[in-house]
Amino acid sequence: MKGATNPHTILAVETSCDETSAAVLRDGLVLSNVISSQEIHGTFGGVVPELASRAHMRLIVPVVEEALARAGVGRGDLTAVSATYGPGLAGSLLVGLSFAKALAYGLSIPFVGVNHLEGHLYSNWLGDRPPDRPFLALVVSGGHTMLVLVRSPFDYEVIGQTRDDAAGEAFDKVAKMFGLGYPGGPLIDRLAASGNPSAISFPRSHLEDGSHDFSFSGLKTSVLYYLRDHGNAKNDMADIAASFQQAVVDVLVDKTILAAEEYGVSEITIAGGVSANTLLRRQMTAEGERKGFNVKYPRMEFCMDNAAMIGYVSWLQLLNGKVSALTLNAEPNLVL
Ligand code: KG4
Ligand code: ZN
């Protein structure tokens with residue numbers, strides 16, 4: 001392990017989906033975090049994998065150069081390179097992973113492969129150390145909705161996850177029904193601000209008693225039927241968006257608080273793209289305060305996919321003496 005006089009200076013890259021991101025961290029502190037969101041997918045209402053891979057190919061070097069320049073760090077100052085190796089789109093993952101491995105190889109420095117979900121999980125502790133006490137994490141993004149009990153750093157139990165759509169995916173699909181574009185979450189969030197969340201009573205799926213799993217596909221279908229039965233209800237868009245969002249948030253908050261009570265933790269962290277949602281933050285904080293839980297969120301720039309969270313996890317791994325082989329391959333279906 002390196003001491004304070006010889007700090008870890010890590011370049012991290014993240015290309016698991018449609019964000020090309022690079023970050024530079026020195027001993028866990030973020031010196032730069034550059035995120036280039038691929039706008040091409042907006043036209044299609046969702047991520048087109050081949051276009052995403054090709055955009056990563058084009059962007060990876062300029063994004064890395066920008067991250068190094070903003071950090072005031074040269075390639076020769078780096079002590080390690082890290083990259084997401086899963087889960088995600090295979091072609092997208094391969095771009096960042098191959099780039100990072102080749103750079104580490106060329107510079108003869110360690111390479112660290114990182115699980116994207118661990119990145120989100122620790123995005124609340126960036127610049128700090130994760131606590132040794134247990135906490136409950138709700139990881140809620142376009143690809144995942146899961147409740148994870150973190151007993152101590154790197155000791156997890158996934159206690160619940162979605163059985164169909166991820167919450168972010170439901171936001172994206174409903175936004176597509178509205179013809180709003182992609183990604184849908186921020187657009188619904190904005191539209192819902194002027195709507196009445198009690199206007200339409202959409203279903204809240206809690207599944208069987210005691211289950212910590214989620215299901216959002218029934219809710220998404222209800223919105224589809226509502227639009228069909230009400231002549232696409234263009235006048236009530238804000239009310240529909242607000243009512244849909246309220247249904248998603250009610251389920252996320254209820255299930256998270258119930259699980260926190262059952263597992264006896266005092267702290268709840270929310271992470272992933274949907275953790276940027278205004279109502280989710282407000283309602284989880286209010287409910288957490290009422291029930292005596294401390295609720296934490298990442299800074300906005302660390303909610304969405306970003307390389308800083310990947311660099312942070314790789315730093316924790318380096319502190320534990322963990323490096324990866326240069327034969328590490330992309331694992332699109334990697335789990336926690
Ligand atoms: O973590 P992320 O950037 O990528 C994945 O790992 O999936 O999450 C992206 C997801 C998208 O589904 C997007 O619509 C959603 O996060 N999202 C939001 C908001 N901002 C992003 N959902 C609801 N409200 C938001 N403000
Ligand atoms: Zn993500």
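## Helix 1

Let's start with helix 1, which covers residues 49-71. Its 23 residues reach 31 Å from first C-alpha to last, close to the 33 Å expected at 1.5 Å a residue. Here a helix is a DSSP run of H or I with at least four residues, a strand is a run of E with at least two, and both are numbered from the N terminus. The expected span is 1.5 Å times one less than the number of residues.

The helix is not straight throughout: it bends by about 45° at leucine 59, and proline 62 follows within four residues. That bend is the angle between axes fitted to the seven residues ending at a residue and the seven starting there. Among the buried residues of helix 1 are Ala52, His56, Leu59 and Val63; buried means under 20% relative accessible area, exposed over 50%, and partly exposed in between, using a 1.4 Å probe and protein chains only. The buried residues pack against strand 1, strand 2, strand 3 and helix 2, where contact means heavy atoms within 4.5 Å.

## About the model

This is a predicted model, in which local features need pLDDT of at least 70 and side-chain atom pairs count only at pLDDT 80 or more, while totals for chains, interfaces and linings use all residues. Residues are numbered from 1 along each chain as its sequence is written, chains are lettered from A and ligands numbered from 1 in the order in which they are written, and side-chain values use heavy atoms, leaving out hydrogens and water.

## Two domains

The domain assignment (automatic or from a database) gives domain 1 as 2-121 + 304-319 and domain 2 as 132-297. The contact takes 16 residues from domain 1 and 14 residues from domain 2.

Together the domains bury about 1,200 Å², 72% of it on carbon and sulfur atoms. Buried area is the accessible area (1.4 Å probe) that two parts lose on being put together, summed over both. On the domain 1 side, Leu117, His120 and Leu121 lose the most area, together 47% of what that side buries.

## Salt bridges

The whole structure holds 15 salt bridges, each a side-chain nitrogen of Lys or Arg within 4 Å of a carboxyl oxygen of Asp or Glu. Between domain 1 and domain 2 the count is zero.

Lysine 220 forms a salt bridge with aspartate 165, at 2.8 Å. This pair links distant parts of the chain, 55 residues apart. Lysine 220 is buried at 16% relative accessible area, and aspartate 165 is buried at 7%.
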